[in-house]
Every structure is written in structure tokens, then in C-alpha cells.
Amino acid sequence: MGNNLHPGFNGQRYMARLFLSALGLWAPDNEQAALQYEPAISAAQAPAPGITTSAAASGTTATVDLQPFTRPQVGAIGDIAVTVSGKDEGWSVTRVVPAGQAEAVFESLPNASSYVATAVAYRTGSPVRVASGEASAQGQGDAPRPPQRPQPEATDHWVLQPDGTWGFQRADGSWATGWLNDRGTWYLLDGAGTMRTGWALDAGNWYYLGDNGAMVTGWQRDGDAWYYLGDSGAMVTGWLKHGPHWYYLGDSGAMVTGWLKHGPDWYYLGDDGVMVTGWRKLGPDWHRFSESGRWIG
């Protein structure tokens, strides 16, 4: 991950200093994610940002203290997106850093009458938000421009967009589209470079991408129905042998239960979707099924 400059940022090199400290303003952005991934966090324990600004003869610098997000009670935090913006000037600068990094240093901030700092922490390996906070401070007025520093070498990285979606930017500045394998996990990005989630139709096959964008394989529950995604991620239809059992997935991919007419023959799938063989009592009557599951009578 690296620096991401909002389109409203004009590239001028100024400085401002801020730090995240204090406790008490944190609130989960995603209640379900907080319940699933995080332990209970009291208002007194939760991280919250504070912001201060300062100026020096060499210019103005911005430093974000990330230590409030490293406390054990905060939970499994991965990336932290920190944004500094001019409240009335319409620009913002965002930097995404991994959890455990003590601070993020900002440079090149344009002047502003007041600054707003926002910090958003994300679940490890996922774009699911687990904590965030915001604070503001008065600007320092005009300040000298700092000297230019060498920029870090560009690398491929995920970028959180202003609309809350994720994209993948390559080292050459281009945006990935289509299927992307990132550290062994497959993702699908649309033509605009936006990471897909949920069901996606590609080249005639249906795929399911989790909330974190990762392609799902194996059994997947969606609503009241179960689906099966093969090793390639493609949704399976028709007969499926999984382990020692046979299942039947309808044309929509949903697992079938109860009576099934397939060709000239009848079959019965239990509540768990497993095809029945041998004798089975259904209601008041006993029925016999062959080894292949075909109803005999």
C-alpha cells in the first residue's frame, strides 16, 4: 500500500502536524463486522483521533500517531486509512498504512484555515471497517515550502477510493481490471477497476466474491439456499459428488431437497441435500431407492 492523492489535491508541497491520541470518540462503522471480528470495546478503551498543527522555518509537516490502534483490545486490525483534508478548501490527502506502523508522515499539504483528520481501521486482509474517528484543528497560516524529498519506489497496491470501493493500482500507475491473483487469492475487478463482491457473471459462468472481494470455492450459503463453487470458482449445476455423497444443484445453482424428477426417474434428497439410497420412511410410507438413488417403489 502507498500514498493515494485525492484528485482535488494540486501537488503543492506544504506541511502540517497532526497526531492521533486520546480515547472516547470511536464508533464502529459496520456493526455486523464489529460483532463478528472485534471483542467488546468500551468508550474508554476505544481509539479516537486528535489533530494538532504546527509550522517551522523549513515548512509544515504532518505526522499521524497510529499507536492508539495498536492496543490489544482494538482487535485484528489490518490496514489503517488516514486522511487529512482542508475543511473549506476542497482538497484531501489519504495514506493507507499497515497495522503496527507507529506513525504515518505526511508532506505537501496545501494551506487550509482548518484541517480535518479521519482515521479508518480495516479488518486484516479485508475491506471491512472495524473502527474510525474524526477530529479537526485550526490551520497555521502561510508557511514556507519544505524541501523536496525522494518519493518511495512505487509498488502494486490496493487503494481505497473516495466512494468507499476498492481498486488495485499497479506500480506503473495503471488500474487492474478483470481477474487478479494477489498473494494466492483471486479477485474480480470490473472495467472501471472497482473490486466486485457478491455474484458475478463472467464468460458464461457465475462466481461468488465474498465481502472482502475474495473468490469463494466450496459451499456458499446465500439467503435460504446453498450453492457450490468448484475449484475454479465457477458455480456448479446438476449432479455433484462431494465426499461420499451425491447432491443435485438446480439450474439456478441452488441445492435441491425433497423429491426430484430427473429424466424418467425420481430421486429423493434429504434436508441436508444428500441423495437417499436404500429404505427411507417419508411421511407414513416406506420407500426404496437403488444404489444410484433411483426410486424403486
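A contact, in what follows, means heavy atoms within 4.5 Å. With that term in place, I turn to the chain. Among its contacts between residues at least 6 apart in sequence, 51% join residues at least 24 apart.

Please bear in mind that this is a predicted model, and I shall therefore begin with confidence, which pLDDT expresses for each residue on a scale from 0 to 100. The chain has a mean pLDDT of 73, and 60% of its residues reach 70 or more. Over residues 1-46, pLDDT is below 50, although this stretch has 142 contacts in the model beyond near neighbours in sequence. Residues 48-59 also stay under 50, and for them the model has 55 contacts beyond four places in sequence.

Now to the overall composition. The chain has 21 strands and 1 helix. It contains 297 residues, of which 44% count as buried. Its accessible surface comes to about 15600 Å², and carbon and sulfur atoms account for 49% of that area.

Next, the annotation. In residues 236-255, the end C-alpha atoms lie 10 Å apart, with 50% of the span in strand and 0% in helix. For residues 256-275, the end C-alpha atoms are likewise separated by 10 Å, and the span is again 50% strand and 0% helix.

Which residues make the nonpolar surface patch of about 300 Å²? They are Trp259, Trp266 and Trp295. Trp295 lies in the segment after strand E21, which runs over 285-289. Trp295 counts as partly exposed because its relative accessibility is 32%, a value between the limits of 20% and 50%.

Finally, the charged side chains. How many salt bridges does the structure hold? The structure holds 1. The partners are Asp182 and Arg183, whose closest N and O atoms are 3.4 Å apart; the cut-off for such a pair is 4 Å. Are these two residues buried or exposed? Asp182 has a relative accessibility of 14% and therefore counts as buried, since the limit for that class is under 20%. Arg183, by contrast, is at 76% and so counts as exposed. The salt bridge thus joins Asp182 and Arg183, the former buried and the latter exposed.

Terms used. Residues numbered from 1 in each chain as written. Predicted model: local features only at pLDDT ≥ 70, side-chain atom pairs only at ≥ 80, totals over all residues. Heavy atoms only, no water. Patch = residues over 30% accessible without salt bridge, like charges linked within 9 Å, V, L, I, M, F, W, Y side chains within 5 Å. Areas by Shrake-Rupley, 256 points an atom, 1.4 Å probe, with all protein chains shown as cover. Helix = DSSP H or I, 4+ residues; strand = E, 2+ residues; numbered from the N terminus. Buried < 20%, exposed > 50% of the residue type's maximum accessible area, 1.4 Å probe, protein only. pLDDT = per-residue confidence, 0-100.
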